[in-house]
Structures are given as structure tokens and as C-alpha cells.
Amino acid sequence: MLHTRTTPAGRRRALRARLATGRLLTVPGALNPLSARLIQDTGFEAAYLSGAVLAADLGLPDIGLTTSTEIAARAQQTTRVTDLPVLIDADTGFGEPMNAARTVQLMEDAGLAGLHLEDQVNPKRCGHLDGKAVTSREEMVRRIQGAVDARRDPDFLLMARTDARAVEGLDAAVDRAKAYVDAGADAIFPEALGGPAEFAAFREAVDVPLLANLTEFGKTPLLDTRTLEDLGYNIALYPVTLLRLAMGAVEDGLRTLAAEGTQQSLLPRMQTRSRLYGLLGYEDYAAFDSAVFDFTLPPGT
């Protein structure tokens, strides 16, 4: 009711403890604060905020047009309503190493459990598109070092993402990941790997938690959780799944409404009013004012 019942520090410790179990953590990407609440209600143990989703929500492509303060504001709205630890995509840190340092503190203040920084140059692009370019290894190391130095809560998870697989090859991506760990990264996000053999190569070479990005329509096959567990991965990420599902449903609904002149045939596909009110904890607000929830919902709504 109103806000989460947990603290940012507690959520960060919970994420660290969960990763330490060695069991795979499945993390859907939220598309707004309400969907983060639904991720929790469905039984998942963490949520994610994708830079691509946050940009799309603003009607922008994922090319680095969003700012650190925009992202932090959206993050704070999300962490306010869920007890889950939330990870966020911090792109390239939004500038120079000093910007990456500020970004870490903004995200800490927003109540997040951790973030990842990537080694692309600006303007960045989706990690599963061709034509990417990466910074020098030394530049990315400086980004990570700036982030580590700026971190105030040692439990805040700093993850390094490398996009080098598609640009410099697998061996170079592994070497970069090792350098990023040496610079202080707590975990590694190897982007756009080609299949189980490449996932296994990273697991053999890198001794920190690893994230598998299972984005749809990309370069990485959609491996199932059993396979990822067998490969020794720690996080299975589904960053844009909910946005794609939601926007597909919205588009179909708009076409139906335009064609039929009524939403009647869409009702079975809608979340009911009672389900929404339950998710929001509507009735709980009567603790403040009994007039808030003094009605009975019609059957089936």
C-alpha cells in the first residue's frame, strides 16, 4: 500500500544472497511500475528496467537519447511499488567516466539493487543489431572504475556488459570481461552470444555471476531455463518480452475497435476491474478513509 515494505539496502542484500545460491534467477523486464507489481505478484524474485523499453515508452529509439535523470526518475517510480530487487540498464553511463560515476549514485538514490554499464560508443544501439562499435578496453575500464569509486553501498550490484562478441569476436569479448572483473565489476553481461557453446566458453573463463539475455528476435537463441542452469548461468533476462506482448495486444485491440465499432469482443482478453483493483491493493487504502473502498464490484468485472 502506497509504497514497498522493504528498503533499498535490504533488496540489495537479498539480490546478492540470491545470486550466491548458484540457482538461476529469472528476471522479466517491467514496462511500467504496475507491471513490476505484477512481476512480483506472479512469483518472480527480481525485475529489470530495460533502456530500450524506457526509451520506447518515451517514443524514442534505443540510441542513447534518454538521460540519466529521466531513467532514475522512472526507476524510482518502479522501486516505490515493488518489494523485489530491481536491476536497470544504464547504457554507457551517459557520458564520460565521471558521468558513469554520477549515474551510479543517481541509481542508488532511486532505490535500485544494481545496474549494468556497457562498452559501446555513443550513439549506442540495440545489442542485437549490426553495425555496433565498442570503446577501447581501457576506456571501459575507466567507466567501471569510476562507477566503483562512486558506489556508496557495497551491496549495490555493478555489472559490466560487453558488446564485443559481434565486433571483435568471442575471444576478445572474454578477454574484455576478465579485464572488467579486474576493474571491479561484480557480474558480467555478455551480449549477443551465438549459442550454448559460446555461453559455455564464458562460463569457463569468467568466475563471477553471468547474465544471459533472452531478448526476442535477436542473435541469441531463446535457450530454456534448464539449459541455462546446466551451463551455470546466474540470471536469465527477458528485457522486452512484456512490452512486446502488451504492444501487440494494444495494436490488435485498436484494429478490432476500429473494425467492429465496439470493444465487446475484446472483453475476454482484458484484465478485469477486480483483478486490477486487487493488484493495486485498492481495498487496503480504506485503512486511511473508509469511503475509499465502500462499494461492491458487479459480478464478472
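Which residue in β3 is the bridge partner of leucine 49? Select leucine 49 and look across to β3: the partner is isoleucine 88.

Before moving on, note what is on screen. This is a predicted model, in which local features need pLDDT of at least 70, side-chain atom pairs count only at pLDDT 80 or more, and totals for chains, interfaces and linings use all residues. Residues are numbered from 1 along each chain as its sequence is written, and side-chain values use heavy atoms, with hydrogens and water left out. Helices (H or I, at least four residues) and strands (E, at least two) are DSSP runs, numbered from the N terminus.

**Stop 1: the five-stranded sheet**

Color β2, β3, β4, β5 and β6. These five strands form an open sheet in the order β2-β3-β4-β5-β6, with parallel pairing. Two strands count as paired if DSSP finds at least two bridges between them. At the edges are β2 and β6 (187-190), each pairing on one side only. From one strand to the next, the twist averages 25°. For such angles, axes are lines fitted to C-alpha atoms, for helices over the stretch in contact, and angles run from 0 to 180 degrees between N-to-C directions.

Now step through the sheet. Strand β2 (residues 47-49) runs parallel to β3, and three bridges join them. Next, β3 pairs with strand β4 (residues 114-118) in the parallel sense, again over three bridges. Stay on isoleucine 88: its bridge partner in β4 is leucine 115. Then go from β4 to β5, a parallel pair with five bridges. Here glycine 114 has leucine 157 as its bridge partner in β5.

**Stop 2: strand β3 and its crossover**

Show the side chains of β3 (residues 86-89). Val86 and Ile88 point one way, Leu87 and Asp89 the other way. Are these residues buried or exposed? All are buried. Buried means under 20% relative accessible area, exposed means over 50%, and partly exposed lies in between (1.4 Å probe, protein chains only).

Together, β3, α5 and β4 make a right-handed β-α-β unit. To check the hand, point the strands away from you: in a right-handed crossover, the path from the first strand over the helix to the second runs clockwise.

**Stop 3: the three-stranded sheet**

Select β1, β8 and β7. They form an open sheet in the order β1-β8-β7, with parallel pairing. Because β1 (25-28) and β7 (211-213) stand at the edges with a single partner strand each, one side of each is left without a neighbour in the sheet. Neighbouring strands here are turned by 20° against each other on average, direction ignored. Zoom in on β1 and strand β8 (residues 235-238), which pair in the parallel sense over four bridges. Threonine 26 has alanine 236 as its bridge partner in β8.

**Stop 4: salt bridges**

How many salt bridges does a search of the whole structure find? There are 19. Each is a side-chain nitrogen of Lys or Arg within 4 Å of a carboxyl oxygen of Asp or Glu.

Pick aspartate 153 and arginine 12. Their closest N and O atoms are 3.0 Å apart. This pair links distant parts of the chain: aspartate 153 lies in the loop between α6 (137-150) and β5 (157-162), arginine 12 in helix α1 (residues 8-20), 141 residues apart. Both aspartate 153 and arginine 12 are buried.

Move to arginine 142 and glutamate 139, bridged at 2.6 Å between the closest N and O atoms. Because they are three residues apart in helix α6, about one helical turn separates them. Arginine 142 is partly exposed at 42% relative accessible area, while glutamate 139 counts as buried at 17%.

Then select arginine 176 and glutamate 168, whose closest N and O atoms are 2.9 Å apart in a salt bridge. Arginine 176 is buried at 3% relative accessibility; glutamate 168 is partly exposed at 40%.

**Stop 5: helix α11**

Finish on helix α11 (residues 241-260). Its buried residues are Leu243, Gly253 and Thr256.
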